[in-house]
Amino acid sequence: MELRKGSLMVIMLLMVMGIIGEAQLFPNFYRSTCPNVESIVRQAVTRKIQQTFVTVPATLRLFFHDCFVEGCDGSVLISSPRGDAEKDAPDNLSLAGDGFDTVIKAKQAVEAQCPGVVSCADILTIAARDVVALSGGPNFQVELGRRDGRISFRWRVTGNLPGPTFSVNLLNWIFRKNNLTQTDMIALSGAHTVGFSHCTRFANRLYSFNSTHRTDPSLNPTYARQLMQACPRNVNPLVAINMDPTTPNSFDNAYFKNLVNGEGLFTSDQGLFTSFQSRATVNAFASNQASFFSAFSAAMVRLGRTGVKTGRQGEIRRDCSAFN
């Protein structure tokens, strides 16, 4: 009986610790230590966007890739002289440098006013929200209080990021691992409204889809021809095109309208409309931008809670690319 009581107390203690860990994330975390952190980061992000719009999708994608591996702890920002950090994994080699540069510049600006106080993970979280808001999307409140992680290995990336050929079931599985629902997954996929992709990531849909169809029949024929013109066979692997062919520089619900029209760039994109599981949500977001914005904001906040380190679990890096 005593053993049972002891075990029960341990379980309850662990549960309380988990609740306390989550409670340490809240919007005004830096109210007394760095009250202007969000305005400092937004100024840095604004300057970076003025230099290049690539900042928007690059920073947003960096946030996703960080949170899906080790949690939202800035581990994707680490540079290793041995080439064995997260950013060196094959799935992360296409992360645009402008995303990393945005965090570096924002961190430098924050350190100038609040040295050693704000984590790189929190700065990336704020910057991800800001690039959305500054490109026409929703301006939502973010939770703060993350610590930077002390682990970053390339081999831990494999199998933890959604791929361009994933089915809805596979997407649901990988998002569910991060405590995200199907609605969250569909809403977050809407970030492709400002993204871009290299031709090699979807060339199979144009030239070698399967034994019956050379071109993916779910592609709008006109859109398929446009893609073939932009991405001919044996195209330079560095060539990239916009994920959203209609309003690539605006964060809006055009991505979902495109899916309805058969203009999803990846198999995983178009599958959201062709699958009966997710089509209703796609249609809802396509017809109501406010609904998409609301769902996206909520999903970003939930994503931001994934695997966070708080309290003594991590560190506040001085340099976002290196452990202290």
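Select helix α3, residues 55–67. Its buried residues (under 20% relative accessible area with a 1.4 Å probe, protein chains only) are T55, V56, P57, A58, T59, L60, L62, F63, F64, H65, D66 and C67. That makes 12 of the 13 residues buried, so α3 is largely enclosed by the rest of the structure. This is a predicted model: local features need pLDDT of at least 70, side-chain atom pairs count only at pLDDT 80 or more, and totals for chains, interfaces and linings use all residues. Residues are numbered from 1 along each chain as its sequence is written, and side-chain values use heavy atoms, with hydrogens and water left out.

Now show what surrounds α3. Its buried residues pack against several elements, including α2 (37–51), α7 (182–189) and α13 (289–303). Helices here are DSSP runs of H or I, at least four residues, numbered from the N terminus.

Next, check the length of α3.

Move on to L227 in helix α9, residues 221–230. Is L227 buried or exposed? L227 is buried, with a relative accessible area of 3%. Which residues touch L227, leaving aside neighbours within four places in sequence? Select F202, L206, L219, I241 and L265: each is in contact with L227, meaning heavy atoms within 4.5 Å.

L227 and R150 are 77 residues apart in sequence. Their C-alpha atoms are 42 Å apart in space.

Technical notes: Helices (H or I, at least four residues) and strands (E, at least two) are DSSP runs, numbered from the N terminus. The expected span of a helix is 1.5 Å times one less than its number of residues. Buried means under 20% relative accessible area, exposed over 50%, partly exposed in between (1.4 Å probe, protein chains only).
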